[in-house]
Amino acid sequence: MSDDDSERTRAEEVEQVDTDETGGFSSFDSSELADEEPSQGLFDDLLSGEPIFENKEVLRPSYTPHELPHRSDQINKMATILVAALRGETPSNILIYGKTGTGKTASAKFVSKELESTSQKYSVPCDVEYINCEVTDTQYRVLAQLANKFIEKNEARIDDRIDELESLLEAVDEYEAADADAAVRPETEGDLFDEDDPFESALPNEDESVSTGTETSSQSGDSPLETEGSSNGVDDPSNGAIDGSTSAGQNNPNRLPADGDEHRSDADSDREPSDIDLSGAGSSDGRSDDVPPNHPLDSTPFDSRAGIEDEIESLEEDKASFEEVPMTGWPTDRVYSVFFDAVDYDERVVVIMLDEIDKLVEKSGDDTLYNLSRMNSELENSRVSIIGISNDLKFTDFLDPRVKSSLGEEEIVFPPYDANQLRDILEHRSEVAFKGGALSEDVIPLCAAFAAQEHGDARRALDLLRTAGELAERSQAETIVEEHVREAQDKIELDRVVEVVRTLPTQSKLVLFAIILLEKNGVHSINTGEVFNIYKRLCEEIDADVLTQRRVTDLISELDMLGIVNAVVVSKGRYGRTKEISLSVPLEETEAVLLSDSRLSDIDDVQPFVQARFEN
Ligand code: ADP
Ligand code: MG
C-alpha cells in the first residue's frame, strides 16, 4: 500500500475532528481557562461517564474491515480476473463503478492484500500499487509516485539478491576450505563415502548457505503446480480468495536441481537477475551419506566466485543508477521514462490501482490513462494491469475511445446497499465497536434506513452510528437511543452544508449571502431580481466583479442543486414566469460560515443593502 493511502487516512481523520466540533460552532469558551490552575476538572466528568464505546476506531472510514458482507460477488469477480497475475499472465484491466460508500475501496484493498500475500506465498513476482487520485491528481504526480515506489521495490529486491549472492559466496568459501582440508588427509582416498566422510563437515550449514534451497523445498508441498487445475477457491472471499486457482507456470522456483555439472550452460548465465536459481544448494535434500555433497554453485548460473562477484557489482551499479523523481520540476517525459524503466527492471506483473480515477480525469484529462494503457506493448520484462475505481458512472464519456476500451476490458458494478444489507454491515461492526448493551434495539435499523435513503451509502451508515454514539456519550447516556440517531442525522447534514458552503466560489457566496439577507429581513417569495440587486451592492462593497443577472440565475440553480436553496419556478400569469427562492439550510449557521470568509466579513453593515431593495 502506498503513502498516498496513509495521507488519505490522515486527511479523513482530520476531517472527523472538524466535524466533531461542528466546524467551529463550539460552545466552550477558552477564556474560562485559568492558566495557573493545573486542572479544573474539564475532563474528569467526561472520563467518569460510562463509556459507550469499546473500540470506536472500527467505525471510522480509515478502518479496513476483515469481512465485507454483501460484496462477495464483486470480490470473487476481481479475484477471478486477477488470478492471471499469479500465473505470470497479464490480467485484464478492470473498471469498478459505484456511488460513494458502496465498498469499492474497501473491497479493492482487500483483494490487493490477498493478491500480494498469495504472490509471496508462491514466490510469484507480482506487485500491487494503490494510488488515491483525489490526493494525487496530476499525471506528473501519479507517475512520480509510481516511479519512486518501484525504485524502492527494485532496491529492496536488489538488496535481497545481493544477500543471497553473498551467502552463496560464503558457502563456496566454506566448501573450498573443507575441500582443501580433505586433500591433505590421505586416508580419505580409499573410503571417500564412509561414515567419517570428511565432506560431511564440509557441507554448507543448511541453515544459512542453503537457505534459499530449504525455503524452496519447504514450499514444494503447496507448489502452485500441484494445485493447478483444482477448482477455484473463491467462494469464501475472506479466506484464500485467490489461492485456490493459482498456477504459476512461469518462474517456478521449484525447479529440480540438475545432476552433475552440465546444467551450468552458457544459456543460463545470461538470464535475468530475477531468474537466478540458487536452489541448487537445495540438492543436499536428497543426499544420503554415501553421495558426495554438491558444489554450492551447482544449479546456479555461476561457475566461479568471480562470476558471483561480478553479478553483485552489476546489481550495485544498477542500484546506484536509480534516480528518484522529485515531486515537481521534471519534464513529464522524463518522469514517464524513469517510471517505465523502474517497472521494467524486473520480470513481474504489476497491478496499478487508481482509486477515484474520475477525479484525475476531471482535473488532468486522460493522458495518464492513455500512457499507462499503452505500456504493455513496450515493456520487455514486466506487464502492467490497471484497476480504475470511479464514483462517477459517466466518467468514461470523457475518455479517448482507445483508453475507454482498454480500461474497460472488464467492468464491475458496486450497487448501492439496501437497508437490510446496511443493517448487516452495521451489526458486524457494532459487535466490536460498542460495549455490551450500549445499543438500544432500534438504533441500527434507523441508521440503516437513513443511509439507505442516502443512495445506500455504508460510509454514511457508519458515520451515523458513530456520531450517535458520541452524542450519547456526550450527554452521559448509558445507551444509544433513536433520538441520538436523529440528532446525529441533523448534525451530519449540517456538517455537510457547512462544508459545501465553505468551499463555494466567492461569487456563489455573495449570491447566497444576498438570499440570506433577504430572508433575515422577512422577505418571502424572494425573486431573482431582488437577489440580483442586493448581490450587486455586495459586489461593489468588496470590489468584486459584478456578473450579469443571467449568470446569477445560473448560480442560484447551482445552489439549488447543492440543496442549499430551493428555487421553484412559478407562473405569474401574463407577467411570465419567475423563480421563488428560499433558503433550505439553517440560516444562522450558514451565515456564520459565509462570514468566516475574510472577503465577506469585510462587509460590516449590511442593513443599507437590504434597504436598497426597496429603492430599486
Ligand atoms: P467507496 O470506496 O465505494 O466510496 P468504501 O469502500 O470506502 O466505499 O466504504 C465506505 C465505508 O463503508 C468504509 O468504512 C468501509 O469499510 C465500509 N464498508 C463498505 N462496504 C462494506 C461492507 N460490505 N462490509 C463492511 N464494511 C463496509
Ligand atoms: Mg472509495
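Is phenylalanine 322 buried or exposed, and what is its relative accessible area? Phenylalanine 322 is buried, with a relative accessible area of 19%, where buried means under 20% relative accessible area, exposed over 50% and partly exposed in between, with a 1.4 Å probe and protein chains only. The model is predicted, so local features need pLDDT of at least 70 and side-chain atom pairs count only at pLDDT 80 or more, while totals for chains, interfaces and linings use all residues. Residues are numbered from 1 along each chain as its sequence is written, and side-chain values use heavy atoms, with hydrogens and water left out.

**Aromatic pairs**

- Five aromatic pairs are found in a search of the whole structure; rings of Phe, Tyr and Trp (its six-membered ring) pair if their centres lie within 6.5 Å, and planes under 30 degrees apart count as stacked, over 60 as edge-to-face and the rest as tilted.
- One of them is the stacked pair of phenylalanine 53 and phenylalanine 434, at 5.2 Å centre to centre with 25° between the planes, and both phenylalanine 53 and phenylalanine 434 are buried.
- Phenylalanine 322 and tyrosine 345 make an edge-to-face pair, 5.3 Å centre to centre and with 90° between the planes.
- Tyrosine 345 is buried as well, with a relative accessible area of 14%.
- Tyr336, Phe339 and Phe340 are linked into a cluster by ring pairs.

**Charges over rings**

- Lysine 109 lies over the face of tyrosine 130, 4.5 Å from the ring centre; a charge sits over a ring if NZ of Lys or CZ of Arg is within 6 Å of the ring centre and within 35 degrees of the ring normal.
- Arginine 334 has its charged end over the ring of tryptophan 330, at 3.6 Å from the centre of that ring.

Conventions: Chains are lettered from A and ligands numbered from 1 in the order in which they are written.
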